[in-house]
Amino acid sequence: MGNPVVHFELIGPDPARLREFYGALFGWVAPAGAPVADRVSSPAEYSFIDPEPGSPAAAGGIGGGEGFAHHAIFYVGVEDVRSTLAHAEQLGATVVLKPQRNEGGHVTVAHLLDPAGNLVGIAGPS
């Protein structure tokens, strides 16, 4: 894919709560104080999550149609979508899309809103 996705951000009014949420849900280590433009985030509150060495670029999809709400989303790979979604709810997330199996892709996906209201997807084996 030309021009691969190279970065994502999760911005909200309580960055410490978001760091706590994603650390507990996915094990992400995101200490505050990373460099950032002042118009993106309070510099003292911004975190950077380093990818694992050798991680591939993310694949992408474009779709929708009549009756589908517009949105942008990224997916985090997990071992078990249902248990991760239940854990996310315990941590304060709201389920937007219950687990859905993609028969052609042999994957299950779900959508959630994090504590700041950001739309996030999770995906794993069916």
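Two aromatic rings, from Phe, Tyr or Trp (taking its six-membered ring), count as a pair if their centres lie within 6.5 Å; planes under 30 degrees apart make a pair stacked, over 60 edge-to-face, and the rest tilted. With that in hand, meet one aromatic cluster formed by Phe8, Phe21, Tyr22, Phe26, Trp28 and Phe74. The model is predicted, so local features need pLDDT of at least 70 and side-chain atom pairs count only at pLDDT 80 or more, while totals for chains, interfaces and linings use all residues. Residues are numbered from 1 along each chain as its sequence is written, and side-chain values use heavy atoms, with hydrogens and water left out.

**The sheet**

- Helices (H or I, at least four residues) and strands (E, at least two) are DSSP runs numbered from the N terminus, and two strands pair if DSSP finds at least two bridges between them.
- Four strands make up an open sheet with mixed pairing, in the order 1-4-3-2.
- Strand 1 (75-77) and strand 2 (94-102) are at the edges with a single partner strand each, so one side of each has no neighbour in the sheet.
- On average, neighbouring strands of this sheet are turned by 20° against each other, direction ignored; axes are lines fitted to C-alpha atoms, for helices over the stretch in contact, and angles run from 0 to 180 degrees between N-to-C directions.
- Helix 2 (residues 81-90) packs on the sheet and touches strand 2, strand 3 and strand 4, where contact means heavy atoms within 4.5 Å.
- The direction of helix 2 makes about 10° with that of strand 3.

**Strand partners**

- Strand 3 (residues 107-113) and strand 4 (residues 119-125) run antiparallel and are joined by seven bridges.
- His111 stands opposite Gly121 in strand 4.
- Six bridges pair strand 2 with strand 3, also in the antiparallel sense, and Arg101 has Thr108 in strand 3 as its bridge partner.
- Strand 2 and strand 3 form a hairpin with four residues between them, and His106 in the turn has a positive phi of about 55°.

**Aromatic pairs**

- The structure holds six aromatic pairs.
- One of them is Phe8 with Trp28: the ring centres are 5.6 Å apart and the planes are at 45°, so this pair is tilted.
- Phe8 sits in the segment before helix 1 (15-26) and Trp28 in the loop between helix 1 and strand 1, so the pair ties together parts 20 residues apart in sequence.
- Phe26 and Trp28 also form a tilted pair, 5.1 Å centre to centre with 40° between the planes.
- Burial is judged by relative accessible area: buried means under 20%, exposed over 50%, and partly exposed in between (1.4 Å probe, protein chains only).
- Phe26 and Trp28 are both buried, whereas Phe8 is partly exposed at 34%.

**Salt bridges**

- There are two salt bridges, each a side-chain nitrogen of Lys or Arg within 4 Å of a carboxyl oxygen of Asp or Glu.
- Arg17 and Glu20 meet in a salt bridge of 3.7 Å, N to O.
- Arg17 and Glu20 are three residues apart in helix 1, so about one helical turn separates them.
- Arg17 is partly exposed at 25% relative accessibility, while Glu20 is exposed at 53%.
- Glu45 and Arg19 meet in a salt bridge of 3.1 Å, N to O.
- That pair links distant parts of the chain, 26 residues apart: Glu45 in the loop between helix 1 and strand 1, and Arg19 in helix 1.
- Glu45 is partly exposed, with a relative accessible area of 31%, and Arg19 is partly exposed too, at 22%.
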